[in-house]
Amino acid sequence: MRQIGHIKDAKQAQSFADYLVANKIRNEIEEDGGAWAVWIKDEEQVADAKLRLEKFQASPEAAEFRDADSQ
């Protein structure tokens, strides 16, 4: 399991975690000093998850991320 970054807002962290699960990327989030650490369980998915995190951080309100929690 490898940490790929942090998200400051708990609700956004959960939305991103849901988005990853919807895309078959197993993950965990945990509170870490006022932010939420994102951990990826499968090493083979780390690079993909990092790219997705960058995209999420650029536009966390994008429809693809909002819609994931309903899946």
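This report walks through a predicted model of one protein chain, from its overall fold to single residues.

## Basis of the model

Local features are given only at pLDDT of at least 70, and side-chain atom pairs count only at pLDDT 80 or more, while totals for chains, interfaces and linings use all residues. Residues are numbered from 1 along each chain as its sequence is written, and side-chain values use heavy atoms, with hydrogens and water left out.

## Overall fold

The protein chain has 3 helices and 3 strands. Here helices (H or I, at least four residues) and strands (E, at least two) are DSSP runs, numbered from the N terminus. Along the sequence, the pattern is β-α-β-β-α-α. The radius of gyration is 11 Å, close to the 11 Å that the globule rule gives for 71 residues, so the chain is as compact as a globular protein of that length. That radius is taken over C-alpha atoms, and the globule rule is 2.2 Å times the number of residues to the power 0.38. The C-alpha atoms fill a box of roughly 25 × 25 × 20 Å along the principal axes.

Buried residues make up 34% of the 71 residues. Buried means under 20% relative accessible area, exposed means over 50%, and partly exposed lies in between (1.4 Å probe, protein chains only). The chain exposes about 4400 Å², and carbon and sulfur atoms supply 46% of it. These areas come from the Shrake-Rupley method with a 1.4 Å probe; for residues, only the protein chains shown count as cover. Among contacts (heavy atoms within 4.5 Å) with a separation of 6 or more, 59% join residues 24 or more positions apart.

Helix α1 covers residues 10–22. Its 13 residues reach 18 Å from first C-alpha to last, close to the 18 Å expected at 1.5 Å a residue. The expected span is 1.5 Å times one less than the number of residues. D9 caps the N-terminal end: a side-chain oxygen lies 3.1 Å from the backbone nitrogen of K11. A13, S15, F16, A17, Y19 and L20 are the buried residues of α1. Their cover includes β1 (2–7), β2, β3 (35–40), α2 (46–58) and α3 (63–66).

K24 lies in the loop between α1 and β2. Its phi is near 60 degrees, a positive value in a residue other than glycine. K24 counts as exposed because its relative accessibility is 69%.

## Helix α2

Helix α2 also has 13 residues, which should span 18 Å at 1.5 Å a residue; its end C-alpha atoms are 18 Å apart, which agrees. V46, A49, R52, L53 and F56 are buried in α2. They cover an arc of only 120 degrees around the axis, so they sit on the same side of α2. The arc is that of the directions from the helix axis to the C-beta atoms. An α-helix has 3.6 residues a turn, so residues three or four places apart point the same way.

On the other side of α2, A47, L51, E54 and A58 are exposed. Cover for the buried residues of α2 includes β1, α1, β3 and α3.

## N27 in strand β2

N27 belongs to strand β2 (residues 27–32). N27 counts as buried because its relative accessibility is 13%. Its side chain makes polar contacts (a pair of N or O atoms within 3.5 Å; within protein, one must be able to donate a hydrogen and the other to accept it, and residues adjacent in sequence count only if both atoms are side-chain atoms). The side chain of N27 reaches the backbone oxygen of A17 at 3.3 Å. A polar atom of that side chain also lies 3.1 Å from the backbone oxygen of I25.

Leaving aside neighbours within four places in sequence, N27 is in contact with A17, L20, V21, W39, I40 and K41.
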